[in-house]
Structure formats: structure tokens, C-alpha cells
Amino acid sequence: MRGYCPAGLLAAGPVKLTTVIGGRRSPPAVLGEGDREFDLWFDLPAESAGNPSLEIAIELSRSFRVPEDNRELGVAFGTLEIRPPQ
């Protein structure tokens with residue numbers, strides 16, 4: 001996955017990004033640089049191979065708000081893709 005981590009998200013320190021893929025939780029990735037793109041890789045569970053669908057959840061350890069905006073904000077994603085092993 002590729003995305004962008006805004007500096008506002010890191011105002012209280014680094015955040016952890018975790019995926020839950022096919023019901024299995026990944027070890028967390030730590031995002032510690034704001035206003036930068038990130039490129040992360042997570043392994044798929046072996047039992048997900050060949051399945052016609054796969055549920056993927058992405059969790060952050062916290063979100064943030066900007067003034068005059070009530071939305072909870074986190075990271076922005078540019079690319080989410082599944083690739084065969086290389």
C-alpha cells in the first residue's frame with residue numbers, strides 16, 4: 001500500500017498502522033514522518049490464496065481533526081494492491 005501521512009496526524013508522536021487480512025492481524029507498521037508518502041508491504045495469509053474475495057481492514061492507532069472540520073482524519077491512500085510473491 002502506498003499513501004500519504006499528514007504532519008497533523010503525528011502531532012502527538014508516531015502512529016501505528018495495522019492491517020487485518022482474512023481475519024489475521026499484521027504486526028504494526030510505525031509511521032513517524034509527517035507530510036511524506038509511505039510504502040508498506042504486508043504478507044497475505046497462506047489460506048487466502050485462490051479465494052475469490054478477501055476482506056482487508058486497515059487500522060490506525062489514532063486520528064486527528066483540523067480546526068473547523070468535525071471529521072476524524074488519518075492517512076490518505078493512493079494505491080492498494082495485491083501482488084504475487086516475488
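This is a predicted model: local features need pLDDT of at least 70, side-chain atom pairs count only at pLDDT 80 or more; totals for chains, interfaces and linings use all residues.
Let me begin with a term: a residue is called buried when its relative accessible area is under 20%, exposed when that value is over 50%, and partly exposed in between.

Let me start with the overall layout. The protein holds seven strands and zero helices, so that, read from the N terminus on, its elements simply run β-β-β-β-β-β-β. Along the principal axes, the C-alpha trace spans about 45 × 25 × 20 Å, and of the 86 residues, 27% count as buried.

Now to the sheet. Strands of a sheet pair through backbone hydrogen bonds, and that pairing can be either parallel or antiparallel. In this model there is an open sheet of three strands, in the order β5-β1-β7, and the pairing is antiparallel. The edges are taken by β5, residues 36-39, and β7, residues 76-79; each of them has a single partner strand, so one side of each is left without a neighbour in the sheet. From one strand to the next, the twist averages 30°. If we look at how β1, residues 2-5, is joined to β7, we find three bridges between these antiparallel strands, and within that pairing R2 has T79 of β7 as its bridge partner.

That brings me back to R2, this time to its side chain. Which residue does the side chain of R2 meet in a salt bridge? The partner is D39, with a separation of 3.5 Å from N to O. This pair links distant parts of the chain, since R2 sits in strand β1 and D39 in strand β5, 37 residues apart. Taken together, R2 is bridged to T79 in β7, while its side chain reaches D39 in β5.

How many salt bridges does the structure hold? The count is seven, and I will pick out two others. The side chains of R24 and E47 meet at 3.1 Å, N to O. R24 lies in strand β3, residues 24-25, whereas E47 lies in the loop between β5 and β6, so this pair ties together parts that are 23 residues apart in sequence. On accessibility, R24 counts as exposed at 51%, and E47 counts as partly exposed at 46%; with the exposed class starting over 50%, R24 at 51% falls into that class.

The other one I want to show is the salt bridge between R71 and D69, where the closest N and O atoms are 2.7 Å apart. Here the two partners fall into separate classes: R71 is exposed, with a relative accessible area of 52%, whereas D69 is buried, with a relative accessible area of 18%.

Let me turn to the aromatic side chains. A pair of aromatic rings is described by the distance of the centres and the angle of the planes. The count here comes to one aromatic pair, formed by F38 and F77, which is edge-to-face, with 6.1 Å from centre to centre and 85° between the planes. F38 lies in strand β5 and F77 in strand β7, so the pair ties together parts that are 39 residues apart in sequence. Is F38 buried or exposed? At 8% relative accessibility, F38 counts as buried, while F77, at 35%, is partly exposed.

F77 also leads us to the surface, where it belongs to a nonpolar patch formed by L44, L54, I56, I58, F77, L80 and I82, with about 570 Å² of accessible area together.

As a last point, consider I21, which is found in strand β2, residues 15-21. I21 counts as buried at 6% relative accessibility, and from I21 to S61 the separation is 40 residues in sequence and 17 Å in space, C-alpha to C-alpha.

Key:
Residues are numbered from 1 along each chain as its sequence is written. Side-chain values use heavy atoms; hydrogens and water are left out. Patches are made of residues with over 30% relative accessible area and no salt bridge: like charges are joined within 9 Å, nonpolar side chains (Val, Leu, Ile, Met, Phe, Trp, Tyr) within 5 Å. Accessible areas come from the Shrake-Rupley method with a 1.4 Å probe; for residues, only the protein chains shown count as cover. A salt bridge is a side-chain nitrogen of Lys or Arg within 4 Å of a carboxyl oxygen of Asp or Glu. Two strands pair if DSSP finds at least two bridges between them. Helices (H or I, at least four residues) and strands (E, at least two) are DSSP runs, numbered from the N terminus. Axes are lines fitted to C-alpha atoms, for helices over the stretch in contact, and angles run from 0 to 180 degrees between N-to-C directions. Buried means under 20% relative accessible area, exposed over 50%, partly exposed in between (1.4 Å probe, protein chains only). Rings of Phe, Tyr and Trp (its six-membered ring) pair if their centres lie within 6.5 Å; planes under 30 degrees apart count as stacked, over 60 as edge-to-face and the rest as tilted.
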